[in-house]
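Please go through the fold of this protein chain with me.

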Amino acid sequence: MDVGEVSVHGVEQAGDISDGAIARLASEIESPREIKRNRMQKLQDLAASMLELWNLMDTPSEEQRRFQSVACNVATSEDEITKPNALSMGFIDVEAEVARLENLKECRMKDLVVKKYEELKEIRRRARLPEEEDGDRR
């Protein structure tokens, strides 16, 4: 191959690269960028949910430390994420933490509803009001 020849996807041309070859290269460059944007959006959505759930659930800082490097990426722009594997699928394991927190939230909400219902029953008992029928509950 001469110094003046360029090989792009098996196409060798002397001097210039065709518009088609440039378009294919641009497309191939855009593909990883699109993957990066999608992963970054997913990471930001998950991290925002995780931060909200941590706040809601009063999660201790010790439990939050594992995910601090992810949480700091919530407000990061695409160009600022340059660390290798920062958006790898393994790194986006935040999904499991969000699922755990949502499950914990659901359990706590159920416990709260049961507790409030028991308090209501006790208030009704003390006020000597008749017991509520199962059909009366909403």
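The buried residues of α1 are A21, M40, L43, Q44, L46, A47, M50, L53, W54 and M57. Buried means under 20% relative accessible area, exposed over 50%, and partly exposed in between, with a 1.4 Å probe and protein chains only. This is a predicted model: local features need pLDDT of at least 70, side-chain atom pairs count only at pLDDT 80 or more, and totals for chains, interfaces and linings use all residues. Residues are numbered from 1 along each chain as its sequence is written, and side-chain values use heavy atoms, with hydrogens and water left out.

**Helix α1 and what follows**

α1 has 39 residues. From its first C-alpha to its last it reaches 56 Å, close to the 57 Å expected at 1.5 Å a residue. That expected span is 1.5 Å times one less than the number of residues. D58 follows α1 and has a positive phi, near 50°. T59 lies in the loop between α1 (19-57) and α2 (61-64).

**The chain as a whole**

The protein chain has four helices and two strands. From the N terminus on, the order is β-β-α-α-α-α. Helices (H or I, at least four residues) and strands (E, at least two) are DSSP runs, numbered from the N terminus. Of the 138 residues in the protein chain, 19% are buried.

**The nonpolar core**

The largest nonpolar core has 16 residues. M50, W54, V94 and V98 have the most contacts inside it. α1, α3 (68-71) and α4 (94-126) each supply at least two residues of this core. The largest share, seven residues, comes from α1. A nonpolar core is a set of buried Ala, Val, Leu, Ile, Met, Phe, Trp, Tyr and Cys residues joined through side-chain atoms within 4.5 Å. In soluble globular proteins, nonpolar side chains tend to be buried together.

E97 sits in helix α4. The C-alpha atoms of E97 and A47 are separated by 9.5 Å, though the two residues are 50 apart along the chain.

| Residue | Relative accessible area |
|---|---|
| T59 | 10% |
| E97 | 3% |

Why does T59 count as buried? T59 counts as buried because its relative accessible area is 10%, and the cut-off is under 20%.

**Contacts**

Contact means heavy atoms within 4.5 Å. The following contacts leave out residues up to four places away in sequence. T59 touches L53, W54, Q64 and L101. E97 touches M50, W54, R66 and F67. V98 touches L46, S49, M50 and L53.
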